[in-house]
Amino acid sequence: MLTKIKINGLFNKFNYVIELKKEDITILTGPNGYGKTTILKIIHAFAIKNMAFFFQLPFTEITLSQTDNDIVLSKSDDIIEIKSKNEKPIRYKKNDIVKPIRRLLESSPYRQTDENHWLDRRTGVHYSTENLINQLIETDPEFIDRYYKKQIPDFVNVYLIREQRLIRKAAVKRRRNPPFFYEEELREGFSNTVEEYANELSQNIKDILADASKIGQELDSSFPRRLFDEAGQVHEDEFNIRYNIIKEKQKSLSMYGLSAIDEDTHTSFKEENAKALLVYLNDTEKKLAVFDDILQKLEVFSTIINNRQFVHKQLEISPDFGFKFKTEDGKELALTNLSSGEQQEVVLLYELLFKVAPATLVLIDEPEISLHVAWQKEVLDDIIKIIKIQKIAVITATHSPQIIGEHWDLVVDLWDLLEESSK
């Protein structure tokens, strides 16, 4: 995991040494223009191997310290050198990156309009070379492999939650051998993130139900053989404890349409059935175990959202629709009719719980966007709770003292760093 970030010459004037907090969450603060968002982008750009970003960024040297390795990027004129433990230095010239990309783009829908600008002939949008490369890298992971010949050192997994997170680029529908001029079918579209995530959750739940069904069928088909082979038995006290846990889990699962097992509510302990009951308990626990991860996340997601007390709205979760909201009179509310603050809350929590893998460094830019002050005061406690569940680390950049709340011990203020370094 990342432990320290050292930057010299950022924007040709700032030098920072940022020690990340051991609590797995670090809050970056500071005046506008001091580079909070840029520091998040530095970490993300290196994680996705976007070297073009570093050629456009004014800096002298960046050191990314991990638990067992320091990675040092230094820039001089149009050359970037990368050094790391036990590996030979890697040197990139700007043309090593720009020229192959330009050759690649010659056969694409992007037309070069001058030395450093490109026009997307499908949409009419203009990009600088660097911004276009950034976009291609983030939307097409294989793009990296097509033009990077040198191996960049291993780095921590990183997930960036941007300031603008309510609208996402939708996939472009392409015709076979499309001409590079205006066609309605080739326009780039945009989708509402909150709707996309509801559909995604629906599919994820259905996939888990399918896995559970498969496990259940395998266990049921082998039940007679395993019953005959079973040499042990369960005692009444153990049965009651394990059976009550099963019932509580099934009750929780039924709230989200995840109850995949028809349970006999009158099952009780009988001494003569002790061996069969042991096999039954073991099988049922295995069938339910497939839901453990999703159940925990759904409980946290729904609890936080419903505790926010969205105005006259209640969250519902189901395999059929993922999640939706209903008004007090039971009418369904279109997700895009949620306020911007409500959508921000849903999207942020969803990404932290359902999009981020364990052992990931999550970068959150301005979590306070569109949130009422009362909600801002709850955000950090929610993130800390999710960090423990997800086993992740977080760096967030904020202007809001309400976000920080009582957690000033987690703050790294860029103004203070400069003041201390100048003494």
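Helix H14 (residues 414–421) lies across strands E3 (25–29) and E19, at about 60 degrees to E19; helices (H or I, at least four residues) and strands (E, at least two) are DSSP runs, numbered from the N terminus. Angles run from 0 to 180 degrees between N-to-C directions, with axes fitted as lines to C-alpha atoms, for helices over the stretch in contact, and contact means heavy atoms within 4.5 Å. The model is predicted, so local features need pLDDT of at least 70 and side-chain atom pairs count only at pLDDT 80 or more, while totals for chains, interfaces and linings use all residues. Residues are numbered from 1 along each chain as its sequence is written, and side-chain values use heavy atoms, leaving out hydrogens and water.

Turning to helix H9 (residues 274–289), its 16 residues reach 22 Å from first C-alpha to last, close to the 22 Å expected at 1.5 Å a residue (the expected span is 1.5 Å times one less than the number of residues). Among its buried residues are Leu277, Leu281 and Asp283, where buried means under 20% relative accessible area, exposed over 50% and partly exposed in between (1.4 Å probe, protein chains only). The buried residues of H9 pack against helices H6 (193–221), H7 (223–229), H8 (236–254) and H10 (292–307).

Arg226 and Asp283 form one, with their closest N and O atoms 2.7 Å apart. Because Arg226 lies in H7 and Asp283 in H9, this pair ties together parts 57 residues apart in sequence.

Methods. Salt bridge = Lys/Arg side-chain N within 4 Å of Asp/Glu carboxyl O.
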